[in-house]
Amino acid sequence: MKMSYVRLVVGISLLTVVALASCDLFGSDDGVSRDERRDTFLAQVRAGQYDRLNGNMHPDVRVAEANTENYWIAELGAKGGWEFQVVSTTLVNVTAGPVPANSTLTFTYGSRGDDYYFTSISLNGDQIAPPTN
């Protein structure tokens, strides 16, 4: 009887461990969502981290020329003064910055594994990334 009880306890313990191991109890990384990608990009623009912006582009559309600050300065304008109003996952109003008043940024997304990246970014309807040349 005692041996049956020990086997039962061990069996239940093993089942519990297996069940818990398959759960997402500790918030494992589920990848980067569309909203997280957008928010990262906007934070980098606000902080003037133009040299990091290309990392938000999908690996299949990244180009070396977009790794430089000069590329993004040419597309977005000078650093500083940026303010945004998020309308949706794909649309952001620019409320202040070196672009014309009432400008909009539009994002399209693609995924790689669990991570979402931009496949294109447009400013006022004109694609700024990846380069169209």
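Trainee: Buried means under 20% relative accessible area, exposed over 50%, and partly exposed in between (1.4 Å probe, protein chains only). Which class does P59 fall into?

Mentor: P59 counts as partly exposed because its relative accessibility is 25%. This is a predicted model, in which local features need pLDDT of at least 70, side-chain atom pairs count only at pLDDT 80 or more, and totals for chains, interfaces and linings use all residues. Residues are numbered from 1 along each chain as its sequence is written, and side-chain values use heavy atoms, leaving out hydrogens and water.

Trainee: Where is P59, and what does P59 touch?

Mentor: P59 lies in the loop between α2 and α3 (helices are DSSP runs of H or I, at least four residues, and strands of E, at least two, numbered from the N terminus). Leaving aside residues up to four places away in sequence, P59 touches R112 and Y117, where contact means heavy atoms within 4.5 Å.

Trainee: How many residues separate P59 and R112 in sequence?

Mentor: They are 53 residues apart in sequence, yet 8.3 Å apart in space, C-alpha to C-alpha.

Trainee: Changing topic, what order do the strands take in the sheet?

Mentor: The five strands form an open, antiparallel sheet ordered β1-β2-β3-β4-β5, where two strands pair if DSSP finds at least two bridges between them. Its edges are β1 (83-86) and β5 (126-129), each pairing on one side only.

Trainee: And how many bridges join β4 to β5?

Mentor: Three bridges link β4 (residues 115-123) to β5 in antiparallel fashion, and S122 stands opposite Q127 in β5.

Trainee: Which strands does α3 touch?

Mentor: Helix α3 (residues 69-76) packs on the sheet against β3, β4 and β5.

How values were computed:
Axes are lines fitted to C-alpha atoms, for helices over the stretch in contact, and angles run from 0 to 180 degrees between N-to-C directions.
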